[in-house]
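Trainee: I have a two-chain model open. Please show me how to read its features.

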Amino acid sequence: MSKLELDDLRTYYRMEEGWIEAADGVSLSLEANETLGLVGESGSGKSTVAKSIIRLLPDNGEIVDGSIRFDGEDITELSKRELRRRIRWKEISMIPQSAMNGFDPVYTVGEQIVQAIRTHESDVSKAEARERTKELFDDLGLDEERVDDYPHQFSGGMAQRAMIALALAVDPSVILADEPTTALDVVIQDRILGTIKEMQDELGTAMVLITHDMSVVSETCDTIAVMYGGRVVERADAETIIKRPKHPYTLGLRNAFPDITADSQELVSIPGSPPDLLEPGEGCRFAPRCPFAEDRCWEETPQPETHGDGHVVECHRADEAEYLRKEANRPETWRTDD
Amino acid sequence: MSRETQGIDSMASDDGATERIRALAVRTWRTFVDVFEGDRMGQIGLALLLIFALMGMFGPWITPHDPTEINRDDDGSALRLEAPSTDHYFGTTNMGRDVFSQVIVGARASLIVGTIAALIAVTIGTNIGLISAYYGGWTEDVLMRITDIAYALPFLPFVIVLVFLLGPSIWSIIIVIALLLWRSTARVVRSQVLSHKERPYVESARAVGASDLRIMYLHILPNVLPLAFLYAAFSVAWAVIAEANVSFLGFGDPTMISWGQMLFEAYTADAIRFAWWWVVPPGVSIMLLVMAAFFIGRTLERVTNPELRHAE
């Protein structure tokens with residue numbers, strides 16, 4: 001049984017004009033100690049998926065269909081209160097996007113972590129919680145004395161680490177890391193990801209790493225799911241996604257990142273802009289930007305199909321992957337005429 | 001309402017919460033001291049307020065004459081409308097009462113009304129602003145429409161009608177003023193909370209599993225509290241003016257001497273045109289007390305708005 005399993009999750013946002021289909025039929029699974037990378041451009045539904053899992057959706061967001069199984073139990077069925085008491089943080093914690101501002105400015109960082117521990121483990125004394133906070137700080141390479149500092153006395157990298165300490169404070173079995181290193185420079189980013197990885201191995205925690213940075217996922221993740229327009233268009237183990245992707249979007253995404261080992265290389269971006277998810281209707285959502293789109297791509301929504309060992313692709317032309325990959329490597333393919 | 005109070009109780013019994021509140025109070029006090037240290041006007045305000053507070057507390061014991069006693073000269077006739085003298089520093093009223101003593105005793109009414117009405121108003125306003133902004137939706141609609149209605153109430157007619165209905169006592173004046181004053185605090189706190197509730201720290205508090213009440217009262221409230229203090233200070237000033245207004249119109253508490261009431265008596269005695277010693281002291285007292293509250297409010301504004309602090 002998987003630790004966390006999303007099956008056909010549909011999370012929509014209610015707007016005056018209709019429904020925004022921000023996550024539309026997302027299926028994912030996560031084993032204990034596994035790291036799943038969730039990649040895709042802004043607005044592809046990555047954060048919506050994470051927020052659906054611990055139900056931190058904005059008021060107009062709604063899980064309209066599908067299930068989220070945590071240890072086999074469908075947590076979409078739980079009441080808000082029960083989810084808050086039993087699942088949030090205790091089992092599934094989150095490292096939010098802007099960790100820098102993730103702490104309340106009026107309390108010290110230590111107070112907030114101690115409070116989080118004691119909210120979920122009522123038998124822990126204050127001194128014990130404080131001790132544990134100090135240990136976490138130590139593990140994350142932060143000076144123990146800093147527990148009594150206020151958030152504004154922390155630098156960006158330190159606040160990010162403190163946020164990770166908060167996320168790990170009650171030994172959750174799953175961590176949702178929503179672009180945890182976006183605002184940080186590469187060196188700090190690398191150290192933080194390294195620390196998370198170490199902690200993960202130590203505690204056996206599973207993690208969903210949300211990012212739009214391909215280099216980050218390729219280094220840290222066991223499996224990768226690529227999202228586009230609210231759907232998971234391709235998922236497989238990290239190596240397959242990096243070396244032998246089948247979906248044209250993944251191919252395009254790969255082109256957009258430089259390979260530092262190669263000689264001079266032209267970066268090729270995918271033309272067009274992300275799709276409008278307001279009731280998009282039938283057809284592949286990537287079709288308007290896809291250089292390989294055929295008539296049926298506009299008419300039928302491709303369904304996820306398994307190609308080989310756990311490699312799931314949503315594309316009508318996935319069988320022609322060899323040819324697509326070759327074509328995709330030529331910059332001309334992505335050039336639009338107009 | 002019961003749900004809310006219950007929630008506050010359960011938070012208070014949580015020692016983590018009381019600890020945090022204590023730490024917060026210490027911090028607020030330090031900022032308070034810091035800001036007043038560098039501000040002459042704020043210090044003047046505090047000094048004035050202190051003098052008035054002493055007058056209000058010990059008034060009856062420090063007056064040279066009983067403020068209600070009819071003073072008579074040697075042949076037994078009342079000293080009506082006497083100009084200031086060494087015996088009666090501010091002269092006497094048409095009934096022969098000592099104006100100086102009345103001014104001292106009158107501080108109490110203004111202070112009681114000013115502080116209690118402001119406190120009630122700010123408490124109501126802060127809670128309404130906090131709850132409506134945090135929950136949004138129909139809760140916000142209902143509470144904000146009530147606020148709009150409160151805004152639409154014309155001050156004097158409302159006061160006259162309510163004081164008439166409740167009976168002329170200092171408590172009915174306090175209630176009436178509080179009922180009119182909470183509206184501005186509610187609106188300002190609401191807009192501040194609207195901005196705070198979208199901040200990442202609120203989302204992470206929620207992600208950590210904090211309940212709505214905890215987020216509202218332990219995370220958002222401390223962040224908007226300086227603003228509430230600021231409005232409390234200005235509310236005191238407004239409440240003092242309002243009390244003087246009401247008393248001047250003759251709706252004051254007849255058992256209590258207040259500055260507004262003194263002006264009312266001077267007016268009804270037809271002495272307001274010439275007996276300056278009877279009119280100027282209560283008038284200047286009202287002005288000084290209001291000024292003190294405004295000076296303090298102005299200084300508190302620097303706590304809420306760091307930009308003002310760093311400007312110099």
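Mentor: Start with a helix pair: α3(A) passes α5(A) in a right-handed crossing. A crossing is left-handed if the near helix is turned anticlockwise from the far one by less than a right angle, and right-handed if clockwise. Helices (H or I, at least four residues) and strands (E, at least two) are DSSP runs numbered from the N terminus. The model is predicted: local features need pLDDT of at least 70, side-chain atom pairs count only at pLDDT 80 or more, and totals for chains, interfaces and linings use all residues. Residues are numbered from 1 along each chain as its sequence is written, while chains are lettered from A and ligands numbered from 1 in the order in which they are written.

Trainee: At what angle do α3(A) and α5(A) pack, and how far apart are their axes?

Mentor: Two packed helices are described by the angle between their axes and the distance between the axes. Axes are lines fitted to C-alpha atoms, for helices over the stretch in contact, and angles run from 0 to 180 degrees between N-to-C directions. Here α3(A) and α5(A), residues 156-168, pack at about 15°, with axes 9 Å apart. That makes α3(A) roughly parallel to α5(A). The classes are roughly parallel under 35 degrees, roughly antiparallel over 145, roughly perpendicular from 65 to 115, and oblique for the rest.

Trainee: Which residues of α3(A) and α5(A) make the contact?

Mentor: Two residues are in contact if their C-beta atoms, placed from the backbone, lie within 7 Å. From α3(A) come Val109(A), Gln112(A), Ile113(A) and Ala116(A). From α5(A) come Ala162(A), Ala165(A) and Leu166(A). By class, this contact has six nonpolar, one polar and no charged residues. Ala, Val, Leu, Ile, Met, Phe, Trp, Tyr, Cys and Pro count as nonpolar, Asp, Glu, Lys and Arg as charged, and the others, Gly among them, as polar. An α-helix has 3.6 residues a turn, so residues three or four places apart point the same way.

Trainee: How many residues does each chain give to the contact between chain A and chain B?

Mentor: Chain A gives 23 residues and chain B gives 18. Helix α3(A), residues 109-120, supplies the largest share of the chain A side, six residues. That side has 11 nonpolar, six polar and six charged residues.

Trainee: Now chain B. How many helices and strands does chain B have?

Mentor: Chain B has 12 helices and zero strands. Its C-alpha atoms fill a box of roughly 85 × 45 × 35 Å along the principal axes. Of the 312 residues of chain B, 45% count as buried. Buried means 20 or more other C-beta atoms within 10 Å of a residue's own, exposed means 12 or fewer, and partly exposed is in between; C-beta atoms are placed from the backbone. Take contacts in chain B between residues at least 6 apart in sequence: 72% join residues at least 24 apart.

Trainee: Which angle do α5(B) and α7(B) make?

Mentor: Helix α5(B), residues 137-152, and helix α7(B), residues 170-196, pack at about 130°, axes 9 Å apart. That makes α5(B) oblique to α7(B). The crossing is left-handed. Thr147(B), Ala150(B) and Tyr151(B) of α5(B) meet Leu180(B), Arg183(B), Ala186(B) and Arg187(B) of α7(B). The contact has four nonpolar, one polar and two charged residues.

Trainee: Back to chain A. Where are its domains?

Mentor: Domain bounds come from an automatic or database domain assignment. That assignment gives domain 1 (32-60 + 80-226) and domain 2 (247-334) of chain A. Their centres, taken over C-alpha atoms, are 32 Å apart. The contact takes six residues from domain 1 and seven from domain 2.

Trainee: Why does α9(A) count as largely enclosed?

Mentor: Eight of the eight residues of α9(A), residues 248-255, are buried, so the rest of the structure largely encloses this helix. Among them are Tyr249(A), Leu251(A) and Arg254(A). The cover includes α7, β9, β10, α8, α11 and α12 of chain A.

Trainee: Is Glu202(A) buried or exposed?

Mentor: Glu202(A) counts as exposed because it has 10 C-beta neighbours inside 10 Å. Glu202(A) sits in helix α6(A), residues 186-203.

Trainee: What is phi at Arg55(A) and at Asp71(A)?

Mentor: Arg55(A) has a positive phi of about 50° although it is not a glycine. Arg55(A) lies in the loop between α1 and β4 of chain A, and with 20 C-beta neighbours inside 10 Å it counts as buried. Phi of Asp71(A), also not a glycine, is positive and near 50°. Asp71(A) lies in the loop between β4 and β5 of chain A. With 15 C-beta neighbours inside 10 Å, Asp71(A) counts as partly exposed.
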